[in-house]
Amino acid sequence: MRTRRSILPSVSTETQDLAAKDEAISSPRKKQKRTPKIDKPDHHKNMAIVEKINQDQENINPNISREALDKLADAKSIFRRSADNTIDFYVGRQKERDTIQEFINNIQSKNKNGSLYIAGCPGCGKTALMAQILEKSKIVHTFLNCMTVEEPRQIFSKLVAKVFGKETTLKDSFECFKSNIDASKKPILLVLDEIDQLLTANGDILYKLFEIPFSSNNKISIIGIANSLDLTDRFLPRLKLKGLEPKILHFQSYKINEISDILKKRLEFVKDRIKVQDIALELCSRKVVAIGDVRKGLDFILQAIEKAEIKGKESVEVTVAHMVQVLNNSIQPNSSVFKIKSLNIQCKCVLVAFYRLQNKHITVENVLKEYEIVCKQIGTSGLSRSEFLDICSTLETTGIWSFQTKGSQFQKRIQLHVSTDDIKVACQKEKILESLFLNE
Ligand SMILES: Nc1ncnc2c1ncn2[C@@H]1O[C@H](COP(=O)(O)OP(=O)(O)O)[C@@H](O)[C@H]1O
Ligand SMILES: [Mg+2]
């Protein structure tokens with residue numbers, strides 16, 4: 001049910017609630033409606049509040065109707081992150097859409113079980129595309145964001161509850177889940193978003209999950225979604241050995257024209273209220289490509305609209321000047337943390353190894369040795385020496401560190417360009433690495 005009149009296409013109730021909440025917090029219009037609560041005999045303070053409200057009301061152009069203001073606020077809300085589940089604005093990703101659709105068709109028409117692993121950087125449209133496909137599909141499915149599972153081993157009891165509406169103990173949950181899916185006559189599709197949350201030191205939960213579609217007599221298929229491309233490759237080599245590895249679908253990062261098309265599609269919906277100059281849009285898209293996360297683009301546009309907004313005016317035009325202001329302010333103090341967070345898990349393991357050394361003259365060889373210890377502690381097989389060097393050069397390309405001296409590759413000294421604190425902040429919440437930070 002919609003809570004307020006809107007010019008936007010349909011969005012989920014949850015999204016609307018969030019948007020309404022957001023609106024209630026940030027909209028000055030809503031604040032004006034509130035009568036100041038005078039419960040303390042602080043006369044001066046109360047007078048100041050009343051004066052401020054009168055002033056705000058004077059600033060509103062009396063010729064503009066409440067409806068017009070509502071419409072501008074609605075138009076703006078299209079760029080709010082809280083409205084970002086809306087699937088009506090999805091553009092592009094045709095190849096990825098076809099691959100997912102074909103996977104689903106195979107389950108439905110050919111009765112073929114399967115597993116698919118979708119990977120790509122944060123904000124590159126994985127969840128939104130999946131949501132759009134599922135909404136149109138008739139397949140019986142369960143969508144679960146694994147962030148909502150407190151501990152990986154609780155996944156099976158959560159699935160028993162969500163898929164079959166039953167309760168089970170933690171101990172019996174895997175067997176219970178298996179017996180229920182064996183008994184199910186219809187194909188079931190499990191879509192597990194942020195599946196990397198289920199990664200344990202030995203990967204046992206993910207093994208069990210990805211083995212299910214190929215074990216016994218069931219009709220279950222799995223789609224796992226996560227940011228890191230190498231999750232199944234590096235951490236689940238046993239699946240590969242058994243020939244049970246999922247099909248991999250990699251969402252490449254967006255190119256500048258794709259980002260621009262995504263933003264234009266939203267702007268098209270609100271063109272009567274909001275205009276963004278072409279060059280401003282291009283500047284914004286360029287910045288977003290560098291970051292890789294479309295949500296940042298939505299943020300930039302919203303901030304630029306707010307800069308361009310003139311009180312009482314029912315439409316806005318965002319110019320290059322507005323956008324430049326926003327983009328200049330967007331150099332975040334924690335951009336290194338952001339950069340590290342968006343690296344794959346192997347890069348993070350190598351950085352954690354560097355972090356643990358904590359001394360000034362660290363060579364590639366030192367980091368390799370510490371990295372091998374890190375891998376043992378978290379129970380993974382680790383990279384070969386040449387693969388390790390590849391990761392080192394990735395970290396150089398991304399500007400996280402550089403190599404100081406010439407000499408053999410392993411003897412080169414490393415100069416870090418981010419702080420060790422940034423490494424800690426960015427890596428300590430990563431499930432597989434968090435145990436390494438426990439005693440700090
Ligand atoms: N191709 C696209 N078209 C329209 N919006 C997109 C597209 N890709 C991403 N977005 C928007 O970017 C935001 C983040 O996308 P999301 O699917 O949550 O990213 P991911 O799951 O890859 O981290 C969402 O608001 C989504 O609507
Ligand atoms: Mg997602």
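A residue is called buried when its relative accessible area is under 20%. Keep that cut-off in mind as you move around this predicted model.

**Stop one: helix α5.** Select residues 94-110, which form helix α5. From the first C-alpha to the last, these 17 residues reach 23 Å, close to the 24 Å expected at 1.5 Å a residue. Now show the side chains of Glu 96, Arg 97, Ile 100, Phe 103, Ile 104, Asn 106 and Ile 107: they are the buried residues of α5. What do the buried residues of α5 pack against? Color β1 (115-119), α6 (126-136), β3 (188-193), β4 (220-226) and β5 (247-250), and you have their packing partners. Before leaving, click on Asn 111, which follows α5 and has a positive phi, near 55°.

**Stop two: α17 and α19.** Next, select residues 345-357 for helix α17 and residues 385-397 for helix α19. Their axes come within 10 Å and cross at roughly 85°, so α17 lies roughly perpendicular to α19. To see the contact itself, display Gln 346, Cys 347, Val 350 and Leu 351 on α17, then Phe 388, Ile 391, Thr 394 and Leu 395 on α19. Sorted by class, this contact has six nonpolar residues, two polar ones and no charged ones.

**Stop three: two cysteines.** Finally, pick Cys 146 and Cys 176. Are they buried or exposed? Cys 146 has a relative accessible area of 1%, so it is buried. Cys 176, at 17%, is also under the 20% cut-off and therefore buried. If you go looking for disulfides, the structure holds zero.

How values were computed
Residues are numbered from 1 along each chain as its sequence is written. Chains are lettered from A and ligands numbered from 1 in the order in which they are written. This is a predicted model: local features need pLDDT of at least 70, side-chain atom pairs count only at pLDDT 80 or more; totals for chains, interfaces and linings use all residues. Side-chain values use heavy atoms; hydrogens and water are left out. A disulfide is a pair of cysteine sulfur atoms within 2.5 Å. Buried means under 20% relative accessible area, exposed over 50%, partly exposed in between (1.4 Å probe, protein chains only). Axes are lines fitted to C-alpha atoms, for helices over the stretch in contact, and angles run from 0 to 180 degrees between N-to-C directions. Helices (H or I, at least four residues) and strands (E, at least two) are DSSP runs, numbered from the N terminus. Angles under 35 degrees count as roughly parallel, over 145 as roughly antiparallel, 65 to 115 as roughly perpendicular and the rest as oblique. Contact means heavy atoms within 4.5 Å. Ala, Val, Leu, Ile, Met, Phe, Trp, Tyr, Cys and Pro count as nonpolar, Asp, Glu, Lys and Arg as charged, and the others, Gly among them, as polar. The expected span of a helix is 1.5 Å times one less than its number of residues.
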